[in-house]
Amino acid sequence: MDRQNTMTRRSFLASTSCLGAALWAARLFPVSATAGEVASAGRVSPQPLADKGFASVRKVGDGVYATISDPSKGLETLSNGGFIVGTEAALLIEGFRSPAGASFQFDALRQVSKVPVRAALDTHYHFDHTMGNAFYGVQGIAIWAHEKTAPLMVKIYGPGQGLDRAGMKAGIEKRIKDATSAAEREHAKGDLNALKLMSESVDSAVVSLPNRPMEPSKLPVTVELGGIQAVIESYPGHTPGDLIVRVPQRNIVFTGDLLFSGMYPATFDANLSGWRKTLETFSGFDKETLFVPGHGPLCGPEGIATLRSVFGDLADQASRMYKAGIPVEEAQQRYTVPERFKGFPIFAWSFCIGPAIAKFYEEFMTGGT
Ligand SMILES: [Zn+2]
């Protein structure tokens, strides 16, 4: 009985803390994550194969399914993903924020096919793409990722090491207290929420590492699934190790977080010049390409163009402030979201805007463009 009460109380606490995060996420992601435009263009099944609120799975081509998160309804998945299924095997994409998220996607696959799963692929190490890996481990499913993914997970999320989260929290709390403007205080409050979400996600997970490291020099790799192939490639940009999955026969690309669709990108461990070159490459893909972004609605090449102009605006504003002699710490706070990107969610100011401005300053100082 006592144990029962403890359990109930624990799950109550877990759900209330998640509810707080979900309410915050609802404000961050006010727009439904499924793209009405693309759906009406006939590429995306209007009826989801599975829908649990926090994410839905939709058919986007023969044997290709996209998992699209809606963080306003829950944070089990948080990132997008999907799967590719042939007559012989299937490939799952992303480990999501929690085992419940990975399990949801696996169940959706099992609704359409019983073929063996060749692997689950993490596009990069971030917690919202990997903390559900343990579910795949239990199923005996191999986890593939860029060779830098496992070492980064150990470094950042490993038990007893990783980030000094207590120190970071104290730093942000001090910024909230000492803020000199309402905007600065709001930025810091958002940062605190993001840090809490990351900490809760990592602390409640059994961190499970990918067991097949993929070396970029040995890519692309073509995975034969029976009548359909998945091509794994690596491009620089979002983190030190990013993979994408292309389905050339269907003109579909799973980009991981190299594409944030209709939102500001997370740039804290990004290589911005590499990322912008990658986006230029993506914009040269076939005009009919359907992109499954790491976050935000499905899109065509216009989604790539939009993210390129977001980077362009960040670079332009950074350049103006740099030339005006504004110190970098001030410039990071002073960036102003232009009218055309007003509705774009920002996961957290210090995950997205601040580092981008600082990195552009660094490029200017070292004589880059
Ligand atoms: Zn990411």
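Predicted model: local features only at pLDDT ≥ 70, side-chain atom pairs only at ≥ 80, totals over all residues.
Residues are numbered from 1 along each chain as its sequence is written, and side-chain values use heavy atoms, with hydrogens and water left out. Local features require pLDDT of at least 70 and side-chain atom pairs count only at pLDDT 80 or more, while totals for chains, interfaces and linings use all residues.

The protein has 12 helices and 13 strands. These elements are DSSP runs numbered from the N terminus (helices: H or I, at least four residues; strands: E, at least two). Of the 369 residues, 54% count as buried. Buried denotes under 20% relative accessible area, exposed over 50%, and partly exposed the range in between (1.4 Å probe, protein chains only). Among contacts with a separation of 6 or more, 65% join residues 24 or more positions apart. A contact here is a pair of heavy atoms within 4.5 Å.

The zinc ion is coordinated by four residues: His-124 through NE2, His-126 through ND1, His-238 through NE2 and Asp-257 through OD. The distances run from 2.1 to 2.2 Å. Donors are N, O and S atoms within 2.8 Å of the metal (3.2 Å for Na, K and Ca); water is not among the atoms, so sites may look incomplete. In sequence the donor residues follow the spacing H-x1-H-x111-H-x18-D. The angles among the four donor atoms span 89 to 170°, and the site is irregular. Four donors count as tetrahedral if all angles lie between 85 and 135 degrees; four count as square planar and six as octahedral if opposite donors are over 155 degrees apart and all others between 65 and 115; anything else is irregular.

His-124 and His-126 are both buried. Thr-239 lies in the loop between strand S10 (229-234) and strand S11 (243-247). Its relative accessibility is 5%, so Thr-239 counts as buried. Beyond four places in sequence, Thr-239 touches His-124, Tyr-125, His-126 and Asp-269.

Helix H6 spans residues 149-157, and its buried residues include Thr-149, Ala-150, Leu-152, Met-153, Ile-156 and Tyr-157. These residues lie on the same side of H6 because they cover an arc of only 160° around the axis. The arc is taken over the directions from the helix axis to the C-beta atoms. Helix H4 (127-130), helix H5 (133-138), strand S7 (143-146) and helix H8 (182-203) are among the elements covering them.

The largest nonpolar core has 62 residues. Such a core is a set of buried Ala, Val, Leu, Ile, Met, Phe, Trp, Tyr and Cys residues joined through side-chain atoms within 4.5 Å. Residues with the most contacts inside this core include Phe-127, Tyr-157, Trp-275 and Leu-314. Elements giving two or more residues to this core include H6, H8, strand S12 (252-260) and helix H10 (301-323). Helix H12 provides the largest share, nine residues. Leu-314 touches Tyr-264, Tyr-335, Ile-353, Ala-356, Ile-357 and Phe-360, leaving aside residues up to four places away in sequence. A second, separate core of 27 residues includes Val-44, Ile-68, Met-214 and Leu-298.

Pro-301 belongs to helix H10. It is partly exposed, at 23% relative accessibility. Beyond four places in sequence, Pro-301 is in contact with Asp-286, Lys-287, Thr-289 and Phe-291. Its C-alpha atom is separated by 7.7 Å from that of Glu-288, 13 residues apart along the chain.

The disulfide count is zero, a disulfide being a pair of cysteine sulfur atoms within 2.5 Å. Cys-299 is buried at 3% relative accessible area, and Cys-352 is buried at 1%.
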